[in-house]
Amino acid sequence: MKTALQKTIMACLLLSFSMAAYSETITCTLTGTIVNRKSKNLLIVKETGDMRINSQKIPIKNNSFHFTLTTDVGEAYQLVFEEEYHNVWVPIKFFPFNGEIRFTLYPMKEAEKNWVEGGEDNKLYMDYIKMNKDIFGRRIQVLDEKRSMLQNEHAYYSPASDSIRAVLSKLKGADARRPIYMAMEQMRATGRDLTENGRLVSRGYDSINDERNILRYQYIKNNPSIVSYYLVWEDMRGAKSNRKIANAIQDVYPMLAAKYPDHPYTTKIGNELSGLIRIRPGAKFIDFTAPDLTGKEYTLSALANGKITLVDFWGSWCGPCIAASKLMMPVYNDFNSKGFTVVGVAREFKTKDELVDALKKYRFPWLNLVELDDAHNIWNKYAISSGVGLVLLLGKDGTILAVDPTADEVRKELEKRL
């Protein structure tokens with residue numbers, strides 16, 4: 001039986017596909033002043049888009065910029081300084097409308113001073129950000145100061161964690177770093193990465209985050225708007241690893257989807273929620289069709305029929321994904337003739353050239369399909385739009401046996417089943 005949430009998702013997805021997003025074109029003028037930074041360009045992209053595919057460049061001249069944005073959907077956008085995008089960036093969020101939006105933008109270390117004005121949605125968003133700062137800002141600052149002090153005294157991370165970090169700093173390449181990352185993740189999962197004082201600070205952050213999330217979803221329920229809907233979309237990035245957030249999203253999604261049935265958030269959040277519900281051991285995989293490098297199309301259900309199948313969602317740009325795939329090659333070689341197969345699905349952007357080079361270099365012996373520019377929305381359907389990848393182990397009947405298993409875990413499953 002389908003749950004009420006699943007029925008809501010399906011109804012909203014069907015409705016959203018059958019309706020045009022919006023018939024009215026929005027023409028928005030962006031003007032801005034840049035303070036104390038030497039930057040040549042800004043990048044602009046929808047929050048539901050991808051900087052690698054959809055971004056446009058806005059030139060900065062004499063510490064100011066002017067840009068006319070035309071869109072047919074009222075959803076959040078972001079501005080990113082081009083030089084930050086290649087390292088770590090702080091996005092400037094805004095909501096277009098028929099009118100002028102004015103920006104005052106500061107260096108990254110002063111990003112909290114960035115200001116956006118113009119349009120009701122931008123005022124709502126800026127007021128929401130200010131409300132959070134007023135309520136939680138001082139407490140977060142105190143914790144930041146405690147953490148910084150402990151780090152300066154080498155008393156925040158545990159000695160074992162410091163040792164692992166020291167090893168990591170000397171290693172180069174994803175292959176060498178992957179086992180270290182896995183060890184660090186295991187330490188984090190058991191709380192052994194921090195000292196007792198470090199754990200106290202960490203629990204302080206967790207407590208604030210819990211309070212902030214309760215307040216956030218009370219706000220969303222009481223103030224349903226495109227801004228609130230965007231806050232939900234923003235949280236989808238962490239829903240896979242945070243059950244509390246996933247539950248909160250599931251609670252408010254039907255209300256917002258009913259109010260905005262033809263909005264892109266309805267489809268995208270619906271897909272991600274469906275993926276969160278379905279991508280778990282014991283469930284069936286989500287079928288899809290995608291081409292190989294020659295353009296020949298394959299359907300996952302046909303490839304996996306009657307075999308234990310590892311589905312490897314990766315990309316030529318994803319070092320950790322490539323390192324994990326390389327570790328899987330001996331397993332494939334040992335069990336491929338016994339009823340085991342691997343299907344790679346590479347998420348690429350603008351061109352297949354880097355994938356071609358990666359396959360020549362790493363020589364993965366299994367079939368690799370291509371998801372170019374998210375043409376089939378596969379990452380969205382599998383709730384990994386903002387993630388680096390995913391590995392699924394499927395049984396002969398299509399049941400998901402494991403999510404993100406290691407090569408050793410796959411080998412043990414195959415030894416039991418083949």
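Biologist: Which helices and strands each supply at least two residues of the lining of the largest pocket?
Modeller: Strand 6 (92-94) and strand 8 (115-117) do, along with helix 4 (120-152), helix 6 (174-190), helix 7 (196-222) and helix 8 (226-239). Keep in mind that this is a predicted model.

Biologist: Which of them gives the largest share of that lining?
Modeller: Helix 4, with 13 residues.

Biologist: What volume does the largest pocket have?
Modeller: About 1500 Å³. The lining has 39 residues, and the closest to the pocket centre are Y125, I129, N132, I140 and R212.

Biologist: How do the lining residues divide into nonpolar, polar and charged?
Modeller: The lining of the largest pocket has 16 charged residues, 15 nonpolar and 8 polar.

Biologist: Strands next. What does strand 14 pair with?
Modeller: Strand 11 is joined to strand 14 by 5 bridges, and the two run antiparallel. Strand 15 (residues 400-403) is also antiparallel to strand 14 (residues 390-394), with 3 bridges between them.

Biologist: How many residues lie between strand 14 and strand 15 in the hairpin?
Modeller: There are 5 residues between them, and G398 in the turn has a positive phi of about 90°.

Biologist: Is strand 14 buried or exposed?
Modeller: Mostly covered: 5 of its 5 residues are buried. L390, L392 and L394 point one way from the strand, V391 and L393 point the other way, and all are buried. As background, side chains in a regular strand alternate between the two faces of the sheet.

Biologist: Switching to aromatics. How many aromatic pairs does the structure hold?
Modeller: 21. One of them is Y85 with W89: the ring centres are 5.3 Å apart and the planes are at 50°, so the pair is tilted. W89 counts as partly exposed because its relative accessibility is 35%.

Biologist: Why does F349 count as buried?
Modeller: Its relative accessibility is 11%, and buried means under 20%. W317 comes out at 28%, so W317 counts as partly exposed.

Biologist: What lies over the face of W317?
Modeller: R52, at 4.6 Å from the ring centre. There is also K338, which lies over the face of F335 at 5.2 Å from the ring centre.

Biologist: Which residues do ring pairs link into a cluster?
Modeller: W314, Y332, Y362, F364 and W366.

Biologist: Now backbone angles. Where is there a positive phi in a residue other than glycine?
Modeller: H154 has a phi near 55°, and K350 has a phi near 70°. For context, most residues other than glycine have a negative phi.

Biologist: Where are those two in the chain?
Modeller: H154 is found in the loop between helix 4 and helix 5 (159-170). K350 has its place in the loop between strand 12 and helix 13.

Biologist: And are they buried or exposed?
Modeller: H154 has a relative accessible area of 67%, so H154 is exposed. K350 is exposed too, with a relative accessible area of 56%.

Biologist: Last topic, V410. Which helix is V410 in?
Modeller: Helix 15 (residues 407-417). At 0% relative accessibility, V410 counts as buried.

Biologist: How many residues apart in sequence are V410 and V331?
Modeller: They are 79 residues apart in sequence and 7.7 Å apart in space, C-alpha to C-alpha.

Biologist: And what about A302 and A358?
Modeller: That pair is 56 residues apart in sequence and 26 Å apart in space, again C-alpha to C-alpha. A302 lies in helix 11 (residues 300-304) and is exposed, with a relative accessible area of 58%.

Conventions
Residues are numbered from 1 along each chain as its sequence is written. This is a predicted model: local features need pLDDT of at least 70, side-chain atom pairs count only at pLDDT 80 or more; totals for chains, interfaces and linings use all residues. Side-chain values use heavy atoms; hydrogens and water are left out. Two strands pair if DSSP finds at least two bridges between them. Helices (H or I, at least four residues) and strands (E, at least two) are DSSP runs, numbered from the N terminus. Rings of Phe, Tyr and Trp (its six-membered ring) pair if their centres lie within 6.5 Å; planes under 30 degrees apart count as stacked, over 60 as edge-to-face and the rest as tilted. Buried means under 20% relative accessible area, exposed over 50%, partly exposed in between (1.4 Å probe, protein chains only). A charge sits over a ring if NZ of Lys or CZ of Arg is within 6 Å of the ring centre and within 35 degrees of the ring normal. On a 1 Å grid over the protein atoms alone, a cavity is a set of points where a 1.4 Å probe fits but cannot get out, and a pocket is an open set with protein on both sides within 12 Å along at least five of seven lines; lining residues have an atom within 4 Å of a point. Grid points are joined across faces, edges and corners, and a volume is the space filled by probe spheres set on the points. Ala, Val, Leu, Ile, Met, Phe, Trp, Tyr, Cys and Pro count as nonpolar, Asp, Glu, Lys and Arg as charged, and the others, Gly among them, as polar.
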